[in-house]
Amino acid sequence: MKKRILLTVALVLSVALLVGCATEADSVLDKINQAGTVVVGTSADYPPYEYIDDAGAMTGFDIELMTEIVKRMGVELQWEDMPFDSLVAAVNSGKLDMSISCFNYDEERDLTVDFSEAYYTTEDAFVVSSAFTGSIVVPEDAANYKVGVQSGTVQDGWLTDNLVTPGLLSEANLSRYERVDQAALDLASGRIDVLMGDYVPVQALVAQNPDLLVVFHGELSTGPINIVLPEGDTALKAEVDRIIKELQAEGFIDQLAVKYFSE
Amino acid sequence: MDLGQLLSYIASGTVYTVGVTLIALPSGLLIGTLLALLYVYGGKSAARLMNLYSTVFRGIPPLVLLFILFFAVTKGINLSAFWAGSLSLGIVSSAYQMEIVRGALLSVSGDQLMAARSIGLSRLEAIRYVVLPQAVRLAIPPWSNEAAIIIKDSSLVYALGVPEILRRAQLIGASSQRYLLAYMSAAVIYFLLVFVTTRLLALFEKKLTIPSNP
């Protein structure tokens, strides 16, 4: 009797789980248009792409760009802020409709989510403190020092693939941080020697911390930045891509770049 | 950004912290009490099942469980980060609260149950009217401990995107570069929340104490 009850409960639960997994055929774009709202994720700890201004509101290059895109989609925007490495999982599991957070295209991310057309281009940079006595001429020189990076970023991937895996840099000398400003703090205090990050955000960090300086910048792991979209949703991607191209043609994106990236 | 703006930004996360706690604690209490009653009075196989529940949910770090419950289990269900985080925390707490209530129930002397049955109360009535009220008093000190833990653990939902105190401190720290100030402010708010709660529970406990003979 008890065994039968347990079996029935197990059966009902597994059916419920399977049903939950099966209903993913509709396009997210239809869902967005029906609800009249699109849920966009970001990690607002990354000036000047996304951050909190003095009044406590979210602002930044990505934020303003997405606000304009959603305006042209004709729906309301609902922002969700969360730690950077939760964003891709959130888009993949349907918690977010899309995400903008200075994402570079990455093959590993492509397995679970899709990317829009590129809306801008970034570079990588290596940052050191004024107390640094070594020399970084080519990127691989960083392997001789203690390196810090934000976890889940393409720089993290680049360091792992190009320095750690071939054995040039040991895992013990690579520190991963949840946010890039944590890494900058450790850089200033001397816990790490080199920080690898996106060029524009680290310039913002350097501007606020005169102890730090950029010693190298170029396109290594980075390049074009894209909006992260749900896997396999061609309708939403087509719509977002269309608007991005529109904005690029109008010069809107260039204007934003001047506003946020100039000194 | 001046001090006032920074403080008010972080403090505005308090409503989320309190919200998460007010969902997690009572739901944990409800589930925990039901499971504890099953554990103590439900027979051998029920006890074994409850023991398994307790071992599993107390054996995994709450943050790991939050991620599993938020990203995996609610894949089809459309729950907001706030509700998913709060209910997940409630489930984690229910395992600990079950142990608290179970301890309190077992501390009430078995004679009480026997005496209640002997004057004609059914098993259910005996538990409800004789054992449970006495168990409540015994459960308050460890429960006050659990309440303090849940208020602090509510900060874990930052990882799911709930704009509570800790996440706000992180964001404002990153934008203003005034980290120490931001995190100290968060610490003070959490401390005040826990302090007020434990004081109130101590008052409640005092009210329920049976005055003993001098």
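Helices here are DSSP runs of H or I with at least four residues, and strands are runs of E with at least two. Counted that way, chain B of this predicted model has 9 helices and 0 strands. Walking along the sequence of chain B, the pattern reads α-α-α-α-α-α-α-α-α. Of its 214 residues, 38% count as buried. As for who touches whom, take the contacts in chain B with a separation of 6 or more: residues 24 or more positions apart account for 76% of them.

Start with helix H2 (residues 14–41) and helix H5 (residues 81–107) of chain B, whose axes come within 5 Å and cross at roughly 40 degrees. Angles under 35 degrees count as roughly parallel and 65 to 115 as roughly perpendicular, so H2(B) and H5(B) are oblique to each other. Their crossing is right-handed. Sorted by class, the residues in the contact of H2(B) with H5(B) come out as 18 nonpolar, 11 polar and 1 charged.

H5(B) also meets helix H7 (residues 123–153) of chain B, and here the axes come within 8 Å and cross at roughly 150 degrees. Since an angle over 145 degrees counts as roughly antiparallel, that is the label for H5(B) and H7(B). This crossing, too, is right-handed. On the H5(B) side, the residues making the contact include B:Leu89, B:Tyr96, B:Ile100 and B:Leu105, while H7(B) brings, among others, B:Val131, B:Leu138, B:Trp143 and B:Ile150. The class count for this contact of H5(B) with H7(B) is 13 nonpolar, 3 polar and 2 charged residues.

In the model, 20 residues of chain B are in contact with 24 residues of chain A. Helix H1 (3–11) and helix H8 (165–176) of chain B each supply at least two residues to the side that touches chain A. Which helix gives the most to that side of chain B? It is H8(B), with 5 residues. The side of chain B that touches chain A divides into 12 nonpolar, 7 polar and 1 charged residues.

Over in chain A, the assignment gives domain 1 (27–121 + 225–261) and domain 2 (124–218). The centres of these two domains, taken over C-alpha atoms, are separated by 26 Å. Their contact takes 13 residues from domain 1 and 13 residues from domain 2 of chain A. Helix H4 (84–92) and strand S5 (98–104) of chain A each put at least two residues into the side of domain 1 that touches domain 2. By class, that side of domain 1 holds 8 nonpolar, 1 polar and 4 charged residues.

A:Ser116 sits in the loop between strand S6 (113–115) and strand S7 (120–121) of chain A. Is A:Ser116 buried or exposed? Buried takes 20 or more other C-beta atoms within 10 Å, and A:Ser116 is buried because it has 23. Leaving aside neighbours within four places in sequence, A:Ser116 is in contact with A:Asn226, A:Ile227, A:Leu229, A:Lys237, A:Val240, A:Asp241 and A:Ile244. A:Thr42, by comparison, is 74 residues from A:Ser116 in sequence and 15 Å from it in space, C-alpha to C-alpha.

Notes. Residues are numbered from 1 along each chain as its sequence is written. Chains are lettered from A and ligands numbered from 1 in the order in which they are written. This is a predicted model: local features need pLDDT of at least 70, side-chain atom pairs count only at pLDDT 80 or more; totals for chains, interfaces and linings use all residues. Axes are lines fitted to C-alpha atoms, for helices over the stretch in contact, and angles run from 0 to 180 degrees between N-to-C directions. A crossing is left-handed if the near helix is turned anticlockwise from the far one by less than a right angle, and right-handed if clockwise. Two residues are in contact if their C-beta atoms, placed from the backbone, lie within 7 Å. Ala, Val, Leu, Ile, Met, Phe, Trp, Tyr, Cys and Pro count as nonpolar, Asp, Glu, Lys and Arg as charged, and the others, Gly among them, as polar. Domain bounds come from an automatic or database domain assignment. A residue is buried if 20 or more other C-beta atoms lie within 10 Å of its own, exposed if 12 or fewer, and partly exposed in between; C-beta atoms are placed from the backbone.
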